[in-house]
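Colleague: Please pick one part of this model and go through it closely with me, from the strand pairing out to the side chains.

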Amino acid sequence: TEEVRLNSDFAGALNLTLGAFFEDGRIVQNVTGLGNTLYGLPALLDQGRNPVNIKTYSLFGQGRIAITPQLELAAGLRWTDEKRTESPVNFGSPVTVLNPRLRSKNTVPEVTLTYTPTDNLTVFAAYKKAYKSGSFSMATSPRPNTDNSFSDEKVEGGEGGVKARLLDRQLNVNVAGYYYRYNDLQVGARTPAVQGVPRVTTVNAASARTYGIDFDAAYRPAGIEGLSLNGSIVWNKAKYLKFTNAPCYGGQ
């Protein structure tokens, strides 16, 4: 990354950070499933190999501008183009799956406004959006003509809060509230066994939501050297808004 500082008479100082990211990676998962011959199962139920190739390109940047000496605006943007391919093998033979290639292209913003009226008080508000890449379930070997893929997880939301130093800077207090909405949340699941082999996979939940408040404080009294009191409390509420493809236990 490289930081460039620009000066403007009417808008104050501008700090600009630019960067790039490239990845050429490979993940290989080897799976061996042994059968219980006392129950009439084969000695070897599963013997698979699942290589996944990953190639990622990303450009990102952030600019911070001092609107006034007390008010700062920071805005960032990240562009990502990622490709993933899998070439599974089971018992030494290639397995033909329905969706062996994934491609994800997205651009995500981030904006933060910070107000610092004094050296002991900061108020901030932020909006954020992000993705977590999709991939392929690799815990068990894929079966022919199955879709082993899951898509990107997406989250969007914001947070805001206050940071303060009180009692002649003996007491530090932080409080923040947040709200985030998830779509296509990636969740691990078990599906019915195929030929005696349990299936462990990842599915995309339709949507979920989480919001709450964080509070923490640290008190270091000047009159008692070495004494420090710390405390925190968090209230959080999270739930699935819709999860139509959730796995069920037997008879549910």
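Modeller: What follows takes the strand pairing, then a surface patch, some aromatic rings and a loop.

Keep in mind that this is a predicted model, where local features need pLDDT of at least 70, side-chain atom pairs count only at pLDDT 80 or more, and totals for chains, interfaces and linings use all residues. Numbering starts from 1 along each chain as its sequence is written, and side-chain values use heavy atoms, with hydrogens and water left out.

Let's start with β4 (residues 71–86), which runs antiparallel to β3 (residues 44–66), with 15 bridges joining the two. Strands here are DSSP runs of E, at least two residues long, numbered from the N terminus, and two of them pair if DSSP finds at least two bridges between them. A hairpin of 4 residues takes the chain from β3 to β4, and Arg64 sits opposite Ala74 in β4. β4 also pairs with β7 (residues 101–118), again antiparallel and over 15 bridges; there, Thr80 has Asn106 in β7 as its bridge partner.

Now for the surface. Ile67, Leu73, Val111, Leu113 and Tyr127 make up a nonpolar patch with about 360 Å² of accessible area together. Patch members have over 30% relative accessible area and no salt bridge; like charges are joined within 9 Å, and nonpolar side chains (Val, Leu, Ile, Met, Phe, Trp, Tyr) within 5 Å. A salt bridge puts a side-chain nitrogen of Lys or Arg within 4 Å of a carboxyl oxygen of Asp or Glu. Areas come from the Shrake-Rupley method with a 1.4 Å probe, and for residues only the protein chains shown count as cover. Leu113 is in β7, and at 39% relative accessibility this leucine counts as partly exposed (buried is under 20%, exposed over 50%, partly exposed in between).

Rings of Phe, Tyr and Trp (its six-membered ring) pair if their centres lie within 6.5 Å, with planes under 30 degrees apart called stacked, over 60 edge-to-face and the rest tilted. That gives 4 aromatic pairs. In one of them, the ring centres of Phe22 and Tyr57 are 5.2 Å apart with planes at 45°, so the pair is tilted. It links distant parts of the chain, as Phe22 in β2 (residues 12–34) and Tyr57 in β3 are 35 residues apart. Phe22 is partly exposed at 47%, and Tyr57 is partly exposed at 41%.

Last, the loop between β11 (153–166) and β12 (171–194) holds Leu167, whose phi is positive, near 50°.

Key
Buried < 20%, exposed > 50% of the residue type's maximum accessible area, 1.4 Å probe, protein only.
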